[in-house]
Amino acid sequence: MAVQQAGAVRGVIADGVVCTLPVPQLVQMLTPAVPPAVLQAAGKLGYLSLIVLYVVTRKTNLLATSYVYYLGRPYHRLAEMNKFCTTLCPPDENMLAIEFSCHAGDPIWRSSADELLALSMPHLVQDGILEPAQVVKKFLVRAPNAYPIRYLGYRENLEAVRTHLEQLPGLALLGRTGEYQYIDSDQCMERAIELADSIAAAGGG
Ligand SMILES: Cc1cc2nc3c(=O)[nH]c(=O)nc-3n(C[C@H](O)[C@H](O)[C@H](O)COP(=O)(O)OP(=O)(O)OC[C@H]3O[C@@H](n4cnc5c(N)ncnc54)[C@H](O)[C@@H]3O)c2cc1C
């Protein structure tokens, strides 16, 4: 297996590989190359991207609950960090996560923090959530492969890819991205524990 770390590529001999990479990327990396039909099926799987604008503020109680989903706004979800846990931010700070689902490379994806804040602010003001003067600082986090998309026919394409990958000894797919399943953190952890147990039971750990 070739591993790229800090720009350098080195070879690693492993008994097994647990893969959390996006499925289409993994399929393109394998040597020997996967059959063209598998490559084609993997190419039809895709992920919705997410760009999160984090806005630090001293204002408290921005939302009535930890997160709220929206229609008719440029963002699809707002989340208030101090509503998840009061010690998540430094003392006297709170943070609003403004989440935009998009496709990597589209105009939203390419927007700067200033542009996304300008797009959001009229709605935040109108909804009584935040005023421009209450913004202390802001930064962006981009997740290109956030949500596996259930395109028409995705089951057949995923099945074709999985059937091929399952024949490769020592390779296990894991997690939302790796398994192409829309599962939450708790399910990801549960599956990771189960996989670790099965690897250990097979004498691998
Ligand atoms: C903004 C946001 C809010 C969320 N809120 C919640 C929530 O409230 N509750 C909840 O249950 N879930 C939530 N989720 C979903 C949750 O975070 C995911 O379901 C979970 O993290 C998926 O875990 P995973 O191990 O499958 O993937 P990840 O945690 O994404 O792990 C995949 C790993 O693979 C690595 N990787 C990918 N490509 C490569 C590569 N080419 N080379 C090397 N490494 C690579 C990545 O760096 C990463 O470490 C949220 C997600 C986001 C983005």
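This briefing covers the nonpolar cores and the ligand surroundings of one structure. The model is predicted. Its largest nonpolar core has 20 residues, and a second, separate core has 18. The ligand is surrounded by 15 residues.

**Nonpolar cores**

- Within the largest core, the residues with the most contacts are Leu 53, Leu 78, Leu 96, Ile 98, Leu 124, Ile 129 and Leu 130.
- Two or more residues of this core come from each of β4 (47-57), β7 (94-102) and α4 (113-126).
- The largest share, five residues, is supplied by α4.

**Residues around the ligand**

- The closest residues to the ligand are Thr 20, Gly 175, Arg 176, Ile 183 and Ser 185.
- By type, the shell divides into six nonpolar, five polar and four charged residues.
- At least two shell residues come from each of β4, α6 (175-179) and α7 (185-201).
- With three residues, α6 gives the most to the shell.

**Polar contacts and burial of the ligand**

- Arg 176 has a backbone N or O atom 2.6 Å from an oxygen atom of the ligand.
- For Ser 185, a backbone N or O atom lies 2.9 Å from a ligand oxygen atom.
- A polar backbone atom of Ile 183 is 3.0 Å from an oxygen atom of the ligand.
- The ligand taken alone exposes 990 Å², and the protein buries 50% of that.

Technical notes. Residues numbered from 1 in each chain as written. Predicted model: local features only at pLDDT ≥ 70, side-chain atom pairs only at ≥ 80, totals over all residues. Heavy atoms only, no water. Core = buried A, V, L, I, M, F, W, Y, C linked by side-chain atoms within 4.5 Å. Buried < 20%, exposed > 50% of the residue type's maximum accessible area, 1.4 Å probe, protein only. Helix = DSSP H or I, 4+ residues; strand = E, 2+ residues; numbered from the N terminus. Near = heavy atom within 4 Å. Polar contact = N/O pair within 3.5 Å; in protein donor to acceptor, adjacent residues only side chain to side chain. Areas by Shrake-Rupley, 256 points an atom, 1.4 Å probe, with all protein chains shown as cover. Nonpolar A, V, L, I, M, F, W, Y, C, P; charged D, E, K, R; others polar.
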